[in-house]
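Here is a short briefing on one protein chain. Please look over the sequence and the model before reading on.

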Amino acid sequence: MLEKTFYKTFLSRTFNIPVSVTYWDGKTENYGEGTPEVHITFNEVIPVKEITRNASIALGEGYMDGKIEIEGSIEKLIKSAYENDNSFFHNKKFIKFLPKQKHDEEESKEDVQSHYDLGNNFYQLWLDSTMTYSCAYFEKPTDDLETAQVNKVHHIIKKLNPSSGRSLLDIGCGWGTLMLTAAREYGLSVTGVTLSQEQYDYVNEQIKEQGLQDVAEVRLEDYRELGNEQWDYITSVGMFEHVGQENLGEYFDCVNHYLKPDGVALIHGITRQQGGANNGWLNKWIFPGGYVPGLVENTEHIIASGLQIDDMEPLRRHYQKTTEIWDANFNEHRAEIEDMMDKKFVRMWDLYLQACAASFASGNIDVIQFLLTKGASGKVLPMTREYMYK
């Protein structure tokens, strides 16, 4: 009885849309005004102590394990919880526990491989043909995912205002689309670094297939171990969210260290305008060691490293659309992925992708491109942004 009372109070304060909830005893309650937009079913009770320890972990695991069923849009449901100031996302009473985070080189390698080494055949099912696993850039409403990912790559490289024959380092190069495009279409000599064996093998194959052996290399190496080498340009996409709060300063120090004097860097990553944060469920199941830094936090580290800011561009709506397309693609292959992995994994990843879309949609997180120079801001770049769009 006490558990039921807790649940009624807890759920009535969580969402800003009308929802219906069927409890483990078969009884249904409606919360909010109007026709319910989402129906939640608790097939069994989740202990109150687990919810008060960390609600995100308890409810996320409940859904993964089939203890909770959701009819309707998970994205809409989570978005409503982010938008409601009274929900558990904003209440410290429900975030008493967070998984431990370590970010030494060995731990960082394990964290990266736990996510990115799930298998190229898995990612190929729902990413586009460029194998780009980061925010796309939709120049037109009609752009499909592949077009938008190619747009993003060119948008990043153009911001550098690159000159043919110079060098580029891509920190956290993923499956290599950006670095290989820079080599193939902009005449740059490129180096990519990753801690993922699957990505390393894939990029090496692409270098050979595209005949870029003289101008492109990929290293299976921690970005902190590149010694005293320097490059004219640096790109790093979706990377600083993985280094950990305690290593953000070192990350930007490395960017500064690896840039030649008057070098230019484009750093693209998930940021919170409200300040840094992490999510217990995501940390435990999706991105071990993940931390989304705050905008002010990032800019403080950038300035402290000796770099200067030339431009910042938020792309929140672009990442919302990207994750929505990924989730649609993922669910088109749901049965195949369930055979490849298992049902719990499929429910986990569907929840992850929709939760990301909801978080971007609500403004809980953003993605921002930071254009940086090693030297006075704008010294080596055109006076206006016009050059970025030619």
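Is tryptophan 126 buried or exposed? Tryptophan 126 is buried, because its relative accessible area is 0%, and the cut-off for buried is under 20%. The model behind this value is predicted. The points below go from the whole chain to single contacts.

**Overall build**

- The protein chain has 15 helices and 11 strands.
- Its radius of gyration is 22 Å, close to the 21 Å that the globule rule gives for 390 residues, so the chain is as compact as a globular protein of that length.
- Along the principal axes, the C-alpha atoms of the protein chain fill a box of roughly 70 × 40 × 40 Å.
- Buried residues make up 54% of the 390 in the protein chain.
- Take the contacts in the protein chain with a separation of 6 or more: 71% of them come from residues 24 or more positions apart.
- The accessible surface of the protein chain is about 17100 Å², and carbon and sulfur atoms hold 47% of it.

**Aromatic pairs**

- The structure contains 34 aromatic pairs.
- Phenylalanine 122 counts as buried because its relative accessibility is 0%.
- Phenylalanine 240 and tyrosine 251 also form an edge-to-face pair, with ring centres 6.3 Å apart and planes at 75°.
- This pair links distant parts of the chain, 11 residues apart: phenylalanine 240 is in the loop between β8 (231-237) and α10 (248-258), and tyrosine 251 is in helix α10.
- Phenylalanine 240 has a relative accessibility of 1%, so this residue counts as buried.
- Tyrosine 251 is buried too, with a relative accessible area of 0%.

**Charges over rings**

- Which ring lies under the charged end of lysine 321? That ring belongs to phenylalanine 138, and the charged end sits 4.5 Å from its centre.
- Arginine 347 is placed over the face of tyrosine 63, 4.2 Å from the ring centre.

- Strand β1 (residues 19-22) pairs with strand β2 (residues 28-31) through four bridges, in the antiparallel sense.
- Valine 19 has tyrosine 31 of β2 as its bridge partner.
- The two strands, β1 and β2, form a hairpin with five residues between them.
- Glycine 26 is in the turn and has a positive phi of about 90°.

**Helix α8 and its cover**

- Helix α8 (residues 177-186) is largely enclosed by the rest of the structure, because seven of its 10 residues are buried.
- The buried residues of α8 are Thr177, Leu178, Met179, Leu180, Thr181, Ala182 and Ala183.
- Which elements cover them? The cover includes helices α7 (145-159) and α9 (197-209), along with strands β5 (167-171), β6 (189-194), β7 (216-220) and β8.

- How many residues of strand β11 (residues 366-373) are buried? The count is eight of eight, and the strand is mostly covered.
- Both faces of β11 are covered. One side has Asp366, Ile368, Phe370 and Leu372, and the other has Val367, Gln369, Leu371 and Thr373; all are buried.
- Strand β9 (residues 259-271) runs antiparallel to β11 and is joined to it by eight bridges.
- Threonine 271 has aspartate 366 in β11 as its bridge partner.
- Strand β10 (residues 308-314) also runs antiparallel to β11, with six bridges.
- Opposite glutamine 308 stands threonine 373 of β11.

**Loop around glycine 165**

- Glycine 165 is located in the loop between α7 and β5.
- Is glycine 165 buried or exposed? Glycine 165 counts as exposed, because its relative accessibility is 64%.
- The C-alpha atoms of glycine 165 and leucine 188 are separated by 5.2 Å, with the two residues 23 apart along the chain.

Methods:
Residues are numbered from 1 along each chain as its sequence is written. This is a predicted model: local features need pLDDT of at least 70, side-chain atom pairs count only at pLDDT 80 or more; totals for chains, interfaces and linings use all residues. Side-chain values use heavy atoms; hydrogens and water are left out. Rings of Phe, Tyr and Trp (its six-membered ring) pair if their centres lie within 6.5 Å; planes under 30 degrees apart count as stacked, over 60 as edge-to-face and the rest as tilted. Buried means under 20% relative accessible area, exposed over 50%, partly exposed in between (1.4 Å probe, protein chains only). A charge sits over a ring if NZ of Lys or CZ of Arg is within 6 Å of the ring centre and within 35 degrees of the ring normal. The radius of gyration is taken over C-alpha atoms; the globule rule is 2.2 Å times the number of residues to the power 0.38. Contact means heavy atoms within 4.5 Å. Accessible areas come from the Shrake-Rupley method with a 1.4 Å probe; for residues, only the protein chains shown count as cover. Two strands pair if DSSP finds at least two bridges between them.
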